[in-house]
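Work through the exercises below with the sequence and the structure at hand. Each task is followed by a worked solution.

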Amino acid sequence: GLYALIAADINNKYHRNHGSLGWALKDKSSPDWRGAEAELTKAITIRDRLNITGWRLYEANRAVCNINILQDPRPGDPTQAELSAAIERDLAAAQNDSYAKPMAEPESPTRDPDISNWIHARQQAPPAGS
């Protein structure tokens, strides 16, 4: 289904196809964090290239993927510092979108548990260089 829609979109005009596949890969019983992150990144790239506003749930969900990738590093993954910076950028972007904000905002009751754990760990960490 989704793979066929993506294959048919030879001009990369439809960010939702990649976004939907990214969510599906993230939400399956055995998540494919790296595959989901790649599809969400493609969705973000298309959305931004076409100057489409909103859709920051992509960033919120990509942050969840990168948090999980950071917890189970594999060869070829970005460095811890790169992943941490990407997570922070995505969470900041998500907080500027009314749909994504509840998933990423520190005080939200509907915040994603992986994001909650990430924010809590960041608050407990000693300042850099100490």
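**Exercise 1.** How many helices and how many strands make up the secondary structure of the protein chain?

Solution. The model is a predicted one. Its protein chain has seven helices and zero strands. Written out in sequence order, the pattern is α-α-α-α-α-α-α.

**Exercise 2.** Check the span of helix α2 against 1.5 Å a residue.

Solution. Helix α2 covers residues 15-27, which is 13 residues. The expected span is 1.5 Å times one less than the number of residues, so α2 should span 18 Å. The end C-alpha atoms of α2 are 18 Å apart, in agreement with that value.

**Exercise 3.** Repeat the check for helix α5, then find what its buried residues pack against.

Solution. Helix α5 has 15 residues, 80-94, and therefore should span 21 Å. Its end C-alpha atoms lie 21 Å apart, which agrees. Buried means under 20% relative accessible area. In α5 the buried residues are L83, S84, A86, I87, D90, L91, A93 and A94. They pack against α4 (57-71), α6 (101-104) and α7 (113-124).

**Exercise 4.** Which residues of α2 are buried?

Solution. The buried residues in α2 are H15, N17, H18, G19, L21, G22, L25 and K26.

**Exercise 5.** Describe burial, surface and contacts for the whole protein chain.

Solution. The chain has 130 residues, of which 39% count as buried. Its accessible surface is about 7,700 Å², and carbon and sulfur atoms account for 53% of that. For contacts between residues at least 6 apart in sequence, 53% join residues at least 24 apart.

Technical notes:
Residues numbered from 1 in each chain as written. Predicted model: local features only at pLDDT ≥ 70, side-chain atom pairs only at ≥ 80, totals over all residues. Heavy atoms only, no water. Helix = DSSP H or I, 4+ residues; strand = E, 2+ residues; numbered from the N terminus. Buried < 20%, exposed > 50% of the residue type's maximum accessible area, 1.4 Å probe, protein only. Contact = heavy atoms within 4.5 Å. Areas by Shrake-Rupley, 256 points an atom, 1.4 Å probe, with all protein chains shown as cover.
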